[in-house]
Amino acid sequence: MSYHVYGIGNALVDMEYEVTEDFLQQQSIEKGLMTLIDEDQQQQLLGAMTETFGIKKRTGGGSAANSIVAISQLGGKGFYACKVADDESGEFYMNDLHAAGVTTRLDQVKHEGVTGKCMVMVTPDAERTMNTFLGITTDFSVNELHFDDLKQAEYIYIEGYLVTSDVSRNAVLEARKVAAENNVKTAMTFSDPSMVTYFRDGVKEIIGDGVDILFSNEEEALTFTGKDDLEAAITELTGLCETLVLTKGANGAEIISANGRTQVAAVKTTAIDTNGAGDMFAGAFLYGITHGFSDAAAGELASEAASIIVSRFGARMEAEEQQALIKKYC
């Protein structure tokens, strides 16, 4: 085994802004969700936000990418399969992943086009709203999967955002097939309530006969199952996975598996920016599971890692933060 986790997902450069509730209303932006937009809409919105608020931070992003970076920061071995263009943003994205210790093959192929960007808007209540122009990552395909690397992983980790493109969804299905043929376990995240709201059939197709680990928050669980009761939603979801990791925001998380139901307390902190918290939780949990941690221990590590992310801007840990977690848990 060369990798603990092989991730596939969108390659997006995150551009983060602190905005007001009024701004979201003025721009007719649906708060709390990820909304896909075209390039013209993005340029208009970027201009308005840069002029009014100024950019807070620019980092490499993408849901699964953030999780793979978390695994690497904690000392695990991660690979990320994605697609960027031969432009400044693509170069920035590749270098950002490599600096975090993540293996890619992005330096081997150069594509003409525009690298995807995600505008992350954080309101005073710390909630994040995203408008995304996928750019070239819309065409993420089997050509970007690098099967030799996939076969050398313990887990493949799939982000739900890939469901929005037929080409990408087909790539996921092929990756799942190859993973199964090579005894690579599958983990998946719903990623965002909008995915299970507007692309539910595609999400069901990706899940197929089930996955080993499924990450979901409460809203996604209720929306995907169509249930009004969380317990009923849990019952349905546990039929689709070996382990369900249900995050509950300030109320912590619950892990449901053959080992029983494990409650994970949230680490108290002052939330400033929730962007990337779920990604960090998933990455830290996967690190724990691939390093022999129990459900409870992996959950505790994930909870503390997520608390670090929400306490300030940015979806990734600083060097001193990751070293403190490694010393405490790893």
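In what order do the five strands of the open sheet stand? Select them and read across: β3-β7-β6-β2-β4, with mixed pairing. Strands here are DSSP runs of E with at least two residues, helices are runs of H or I with at least four, and both are numbered from the N terminus. Two strands pair if DSSP finds at least two bridges between them.

Before going on, note that this is a predicted model, in which local features need pLDDT of at least 70, side-chain atom pairs count only at pLDDT 80 or more, and totals for chains, interfaces and linings use all residues. Residues are numbered from 1 along each chain as its sequence is written, and side-chain values use heavy atoms, with hydrogens and water left out.

Now zoom in on β3 and β7 (residues 128–133), which pair in the parallel sense over three bridges. Show methionine 34 and you will find methionine 130 of β7 opposite.

**The aromatic rings**

Rings of Phe, Tyr and Trp (its six-membered ring) pair if their centres lie within 6.5 Å; planes under 30 degrees apart are stacked, over 60 edge-to-face, and the rest tilted. By this rule there are seven aromatic pairs.

Select tyrosine 157 and phenylalanine 215: this pair is edge-to-face, 6.0 Å centre to centre, with 90° between the planes. Tyrosine 157 is in β8 (residues 153–159) and phenylalanine 215 in β10 (residues 211–217), 58 residues apart. Both are buried, meaning under 20% relative accessible area with a 1.4 Å probe, protein chains only (exposed is over 50%, partly exposed in between).

Elsewhere, Tyr3, Tyr6 and Phe79 form one aromatic cluster.

**Charges over rings**

A charge sits over a ring if NZ of Lys or CZ of Arg is within 6 Å of the ring centre and within 35 degrees of the ring normal. Show arginine 58, whose charged end is over phenylalanine 92, 3.9 Å from the ring centre. Finish at arginine 200, whose charged end lies over the ring of phenylalanine 224, 5.2 Å from its centre.
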